[in-house]
Amino acid sequence: MGMSEFYGTADEGEAIATLRRAVELGVTLFDTADMYGPFANERLVGKALAPYRDRVVIATKFGNARGENGERLGIRGDAEYVRSACDASLARLGVDHIDLYYQHRVDRTVPIEETVGAMKELVEAGKVRRLGLSEASPDTIRRAHAVHPITALQTEWSLWTRDAEDTVLPAVRELGIGFVPYSPLGRGFLSGRLRSLDDLAPDDFRRSNPRFQGENFQRNLDLVDRVEEIAREQGVTPGQLALAWVLAQGDDVVPIPGTKRVRYLEENVAAVGVRLTEDDLARLEEAFPKGATAGDRYPDMSTIDR
């Protein structure tokens, strides 16, 4: 996402180098969405990964409708839109099928059965291999899974966002659905590199995020300071420690840390080699307890199916 929008200035050359370096390092899952850019990120991913198509899994998402000029047109999950969005994504990615196709946000004006029914037709047509949902409630997940098997559920999850543990994670594990945490680094906060809003570009969307505002910023920074202390003792970066925590939650958990630069990619990938003991996990739980983060995840939580 950040390679095309939301996280300051984009650099296509660095973005392509980062994506291709990821393949070299053994990364196999690449996640995008039609709304990123809008539309530009799918083109970027398709261009960068074209030489490696048979070695990677490409996931993209539909549902957050946007216009060519970036205007937001609401959430759509009607069958007609699902079909047209898929065809458009296939063309932008330059592929003949999408490996994993997510509904990005649940359209609560359309029965989930209609949306997933249309997605099922895409599987039957060979345009899509597997289906996923993003930010869906347990009830929605169960209803969707009854129409067609859902392979993956994508939701924000990290040390500083743990509400999924209450009901969503138990539900997907009961159904045998994989869990794909986005923002496993807490939108970069857990990297330890953000000390004030001055560290963010003027057009960085995090400036409007409640967790980066006023007293919330300092309270959350205090929590990250505790993670940094443990990371120093382990000889790793705070970001690597945060990713290792997510990876330690189970083999069915596949985080998708975002980055725009090769050096941060390499740092993230190295987190695979960080092994946390039960004592390490207990210390992190004590330092950063569930529910400790100050502020909502988004300025407007109304689009989250809960």
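This is a predicted model: local features need pLDDT of at least 70, side-chain atom pairs count only at pLDDT 80 or more; totals for chains, interfaces and linings use all residues.

Author: Glu285 belongs to helix H10 (residues 278-287), whereas Arg162 sits in the loop between strand S7 (152-156) and helix H6 (168-175), so the pair ties together parts that are 123 residues apart in sequence.

Reader: Which of these partners counts as buried, and which as partly exposed?

Author: Arg162 counts as buried, at 9% relative accessibility, while Glu285 counts as partly exposed, at 32%. Some salt bridges also share partners, and in this way Glu135, Glu156, Arg187 and Arg297 are joined into one network.

Reader: What is the general idea behind such pairs?

Author: Side chains of opposite charge can pair when their charged atoms come close. A search of the whole structure finds 20 salt bridges, and one of them links Lys61 with Asp31, whose closest N and O atoms are 2.5 Å apart. Lys61 lies in strand S2 (residues 57-62) and Asp31 in strand S1 (residues 29-31), so this pair ties together parts that are 30 residues apart in sequence. Lys61 counts as buried because its relative accessibility is 0%, under the 20% cut-off.

Reader: Where do the partners Glu121 and Arg83 lie?

Author: The side chains of Glu121 and Arg83 meet at 3.3 Å, N to O. Glu121 is in helix H4 (residues 112-124) and Arg83 in helix H3 (residues 79-93), so parts that are 38 residues apart in sequence are tied together. Glu121 is partly exposed at 40% relative accessibility, and Arg83 is partly exposed at 38%.

Methods:
Residues are numbered from 1 along each chain as its sequence is written. Side-chain values use heavy atoms; hydrogens and water are left out. A salt bridge is a side-chain nitrogen of Lys or Arg within 4 Å of a carboxyl oxygen of Asp or Glu. Helices (H or I, at least four residues) and strands (E, at least two) are DSSP runs, numbered from the N terminus. Buried means under 20% relative accessible area, exposed over 50%, partly exposed in between (1.4 Å probe, protein chains only).
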